[in-house]
Protein chains: 2
Amino acid sequence: MSDNEAGVGGVAQSKRADARRNKETLLDAAAKVFVASGVDAPVRDIAREAGVGLGTIYRHFPTRADLVIAVYRHQVEACAEAGPALLASSASPYMALREWINLFVDFLVTKHGLASVLRSDSAGFESLHSYFLDRLLPVCAELFDAAAAAGEVRSDLTAYELMRGVGNLCVGAEGDDRYDALRLVDVLVSGLRLLPD
Amino acid sequence: MSDNEAGVGGVAQSKRADARRNKETLLDAAAKVFVASGVDAPVRDIAREAGVGLGTIYRHFPTRADLVIAVYRHQVEACAEAGPALLASSASPYMALREWINLFVDFLVTKHGLASVLRSDSAGFESLHSYFLDRLLPVCAELFDAAAAAGEVRSDLTAYELMRGVGNLCVGAEGDDRYDALRLVDVLVSGLRLLPD
DNA sequence: AACGATACGGAACCTTGTTCCGCTTAGCAA
DNA sequence: TTGCTAAGCGGAACAAGGTTCCGTATCGTT
């Protein structure tokens with residue numbers, strides 16, 4: 001992590017509030033543009049979307065690649081942080097798991113172009129996949145275990161299997177209108193349920 | 001195939017001799033530059049290497065991608081054509097097979113960057129891999145079967161297995177100085193030999 | 001030898017990543 | 001509140017690479 005980030009779960013730190021705000025704005029804008037135009041979208045488009053100058057982007061992210069990586073990590077982070085929050089706020093562990101998986105699927109489908117970045121052997125991208133797993137698997141496991149402990153879901157599978165299952169259902173989404181990954185995942189997650197009968 | 005190419009095994013046809021010559025020169029120059037600098041080498045470098053202007057490149061290959069594809073096919077083609085030629089000129093089918101496999105390995109190691117092109121989902125690159133197999137497997141089989149028929153090599157494996165074996169030995173070559181794919185392949189091919197004892 | 005079609009070279013153009021620098025402004029001190 | 005100053009900002013300018021265009025040179029034919 002760079003020098004001006006708080007630890008896990010923190011938010012960009014900086015002397016000046018506007019700088020912090022801009023960095024956040026940029027990450028959001030970049031994410032939006034990446035979804036709309038793919039990860040190859042020009043830096044200028046992101047600057048425009050964020051309403052900032054090119055210089056501002058390059059101060060926060062020295063190269064284009066740094067921005068892509070930051071967006072990816074930012075999204076993984078957001079997804080990870082949502083886990084405990086949902087667990088605390090939802091009516092039941094199962095509902096929390098269900099909602100979290102929706103976020104997760106959003107991320108998977110959205111990252112579309114980011115997947116190719118993961119494969120790339122360009123400098124700086126190689127550790128993203130392991131980061132992804134390291135960060136999200138424990139979160140998924142926490143939610144899943146909580147639901148299992150509450151007797152709401154079957155427990156004859158692992159959190160890893162669940163994540164893989166969801167992930168695989170999302171493969172090839174986007175581009176095939178006849179295939180709704182979100183719906184399939186919903187079916188899968190419904191299938192987890194242990195109905196009291 | 002474009003409109004001004006002869007059929008399989010042919011060479012570029014064109015009204016004017018200089019145009020034909022230039023196309024050939026370009027393919028060679030591009031291959032050379034790709035090996036030296038990777039498939040991302042600038043078009044200008046290729047023009048310089050070939051000693052022609054940019055316009056010449058773009059007349060023969062409407063886009064950069066067309067050039068890459070043409071080089072790839074050109075090399076597959078050259079490799080394929082070499083098979084029967086070697087069979088006719090070599091001292092024995094086994095020696096022909098051995099020499100052909102050297103060419104094949106050259107191609108594999110050389111295509112290095114081209115491999116990434118094969119994976120790419122950019123327009124125009126998707127059919128290259130199947131072209132590769134369709135064209136080269138029969139050639140390899142012809143040489144292998146000839147050597148087998150002459151009793152020079154063991155015949156308890158298929159040409160496909162041989163190609164896969166050689167291909168796999170070449171994976172990860174280039175970039176690891178401690179690994180010499182060429183030598184390993186030589187060992188493998190030597191192992192094919194049925195020594196009269 | 002002359003001529004028309006074909007091909008050539010490379011300057012010019014466009015897009016995109018990156019750098020640079022004068023101007024603005026947040027945060028602090030008096 | 002008012003200055004002060006360094007952190008930040010915007011965007012023009014630059015660099016690099018793909019692509020286009022067109023005046024010129026060359027080929028093949030008559």
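In this predicted model, a polar side-chain atom of H60(A) lies 3.5 Å from a phosphate oxygen of DNA strand D, and a polar side-chain atom of H60(B) is placed 3.5 Å from a phosphate oxygen of DNA strand C.

**Surroundings of DNA strand D**

- Of the atoms of DNA strand D that come within 4 Å of the protein, 57% belong to sugar and phosphate.
- The surface near DNA strand D is made up of nine nonpolar, nine polar and eight charged residues.
- At least two residues of this surface come from each of helix 1 and helix 3 of chain A, and likewise from each of helix 1, helix 2 (43–50) and helix 3 of chain B, while the greatest contribution, five residues, is that of helix 3 of chain A.

**Polar contacts with DNA strand D**

- In the case of G53(A), a polar backbone atom is located 2.8 Å from a phosphate oxygen of DNA strand D.

- Sugar or phosphate accounts for 58% of the atoms of DNA strand C that lie within 4 Å of the protein, and the rest belong to bases.
- By residue class, the surface near DNA strand C divides into eight nonpolar, eight polar and nine charged residues.
- Helix 1 (17–37), helix 2 (43–50) and helix 3 (54–60) of chain A each supply at least two residues of this surface, as do helix 1 (17–37) and helix 3 (54–60) of chain B; of the contributing elements, helix 3 of chain B gives the most, with five residues.

**Polar contacts with DNA strand C**

- V43(A) approaches DNA strand C through its backbone, with an N or O atom 2.9 Å from a phosphate oxygen.
- Y58(A), by contrast, uses its side chain, of which a polar atom lies 3.0 Å from a phosphate oxygen of DNA strand C.

Terms used:
Residues are numbered from 1 along each chain as its sequence is written. Chains are lettered from A and ligands numbered from 1 in the order in which they are written. This is a predicted model: local features need pLDDT of at least 70, side-chain atom pairs count only at pLDDT 80 or more; totals for chains, interfaces and linings use all residues. Side-chain values use heavy atoms; hydrogens and water are left out. A residue is near a molecule or strand if one of its heavy atoms lies within 4 Å of it. A polar contact is a pair of N or O atoms within 3.5 Å; within protein, one must be able to donate a hydrogen and the other to accept it, and residues adjacent in sequence count only if both atoms are side-chain atoms. Helices (H or I, at least four residues) and strands (E, at least two) are DSSP runs, numbered from the N terminus. Ala, Val, Leu, Ile, Met, Phe, Trp, Tyr, Cys and Pro count as nonpolar, Asp, Glu, Lys and Arg as charged, and the others, Gly among them, as polar.
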